[in-house]
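The stops below are in the order in which to select them.

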Amino acid sequence: MFQALRSSLKRAWDDVWFQDRPTTQLELVRIGLGFGMLCHYGLGSAYLFEIWGNQGWFPPELLATLPADVAFMKSPLFYITQPWQLSAVHFMFLFCCAALMVGWRTNWVKWLVLIGHLSYVHRSPEVTYGVDAILASLLMLLCLAPIGKAISLDRVRALYNAKQDNLDAQLPVFTSRWAFACRRLMQLQMAVLFFFSAAHKLGEKDWWQGDAIWHVFTTSEYYNATLLDLFATHFWIVNIATYGTVLIEIAFPFLIWQRSTRAWLLIGAVFLHLLFFFFLGLHYFSWVMIMGHASFLRQEWLDSLGAWWKRRMGIMEMIYDGRCTFCVRSMAWFLAFDNLGQINTRDFRNSPSRVVSDEEMEKALHMVSADGTALAGFEAYRYAVLRVPGLWWQVPFFYIPGLSRLFGIPIYNWVAENRSKL
Amino acid sequence: MFASIVPERWHGPVMYVLMSVFVAWHSLCLIVGPAPQGSMIAQALRPLVNPYLGFISLNVKWGFFAPVGDATEFRYLVIDNVGKAHTFRPTSGLAWYHPGNLWTIDRYRAIVQRPDVYGDRLIAEYCRKRIALKPVKIKLLQVVQEKAFLPWDHFAGKNPLDPEFATTETLRTKKCSRP
């Protein structure tokens, strides 16, 4: 009986914490937080010396006199005395945020981002608020999790290496029980946050009386005369917004776990944060919270979205010259970004195409779209980058009106003519 | 190092136990951290969890907009050599989309909360910044809303920081040192 009980408990524990699942949700959080931090600290560059410099708003000698109940920890930034040193550290940190976003050398970059973020927070605690704590928690969990295994340059590099020998090679989807546990902790963090936020609100008269939102917009920080005009003439909006906020926050920690209600709670939570984004100007906070909610996305939703996209775009066939090593390497790079498997390949030397003649293939790579249209060279790449999500980062290069084709077509033609020398 | 200490056949079970201990520990910290001060269980566990929460900056109560608070504004008064007072409102008119908006507001919030820590330095800064006015003395002020601001007040074109709703408190006063 004891064995049976132990087995049941272990099974339940594993179901809650240690399911063997892909890391997609954590990767989405990684990308979102990296982008958010890059923007936030990037904009902070204009205030670098004021906020975090030793001669700025919060010099160390003043922080040392803070009351004992204002707990803060030492930061490595206290030991940076020269402006050029602070600039160098700051731009290195921004580089790491960008690297985290794109998933480059994720295994160690993520730790630098966490250490950097905590360093900034502890250096100037007076300008931090809830978002910095949420971010620290999410970053810590990302550091502990095996991220960078999907939707990342690390994975692209691994796929490229595999495809150099065989363009059809695929890497298995990375799954991890520990990554799931980290994702679960993220979910718990978000649920606890909402619970206590609602609990605190329920202890305040403004929220019970239904006019808290009115008072928010009369404070100096969020004063908005236009909204006050609207609220004053339609005060029911204030009541709905006030009670709606509390309802979403108190429902979230309980209903987010249910299969039938998760989607609705996520929509409600994201809607709430979008309101904060647009009406309160809390861009950073709203973005980080929305990224935290990404941990609740179900894998089947993401898979369905990918399948829908693939159906909508149709399968594309890239026809290339298998005898050209440069062409094979280029194809390997290109396909490494095709996470959804939208592109099939054909080596015209071994398997001639019925749509494109060999003579045409000698001049340029071709793409045959789902409707049978053949596109050559630059136009083939241009077609694909818009339709393959992993290649969207190339869209700015291929879609600048006038300029992309003006430069892109001659560059491609030159590469095609000289491909045997590359 | 782990592999050298623990025999290989125990790697899996040991890792499982360590992971389980961590998730239980972190979950406990997430819940105890923001728990109310009056909770005896939370108080008993706080000495254990506070160092961990402090290190990862998670000792936060999550009381967003609770309470909402009243309208407040930081101002400073420059008294020149002929006794005329000039009022400045550093946070007034900050555009919500301005990247430095929140940092600037946070800075002045810190000054208002701790004028004894930051006040003298700020006054010295303003003495230099407003040198054209020939400042003799600078007062740091906080305007605080004391009376409720209601929709009909807004209709009447009033502001929560108008004198009928708000009081002005002097935070710190100091003379400017002669250049």
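Select His40(A): this residue is buried, with a relative accessible area of 16% (buried means under 20% relative accessible area, exposed over 50%, partly exposed in between, with a 1.4 Å probe and protein chains only). The model is predicted, so local features need pLDDT of at least 70 and side-chain atom pairs count only at pLDDT 80 or more, while totals for chains, interfaces and linings use all residues. Residues are numbered from 1 along each chain as its sequence is written, chains are lettered from A and ligands numbered from 1 in the order in which they are written, and side-chain values use heavy atoms, without hydrogens and water.

His40(A) sits in helix H2 (residues 24-43) of chain A; helices (H or I, at least four residues) and strands (E, at least two) are DSSP runs, numbered from the N terminus. Now show Tyr284(A) and Trp103(B), which His40(A) touches when residues up to four places away in sequence are not counted (contact means heavy atoms within 4.5 Å).

Next, go to Ile400(A), in the loop between helix H20 (395-398) and helix H21 (403-417) of chain A. Ile400(A) is partly exposed, at 40% relative accessibility.

Move to chain B and select strand S1 (residues 72-80), where 8 of the 9 residues are buried. S1(B) runs antiparallel to strand S3 (residues 135-145) of chain B, joined by 9 bridges; two strands pair if DSSP finds at least two bridges between them. Val78(B) faces Ile138(B) in S3(B) as its opposite residue.
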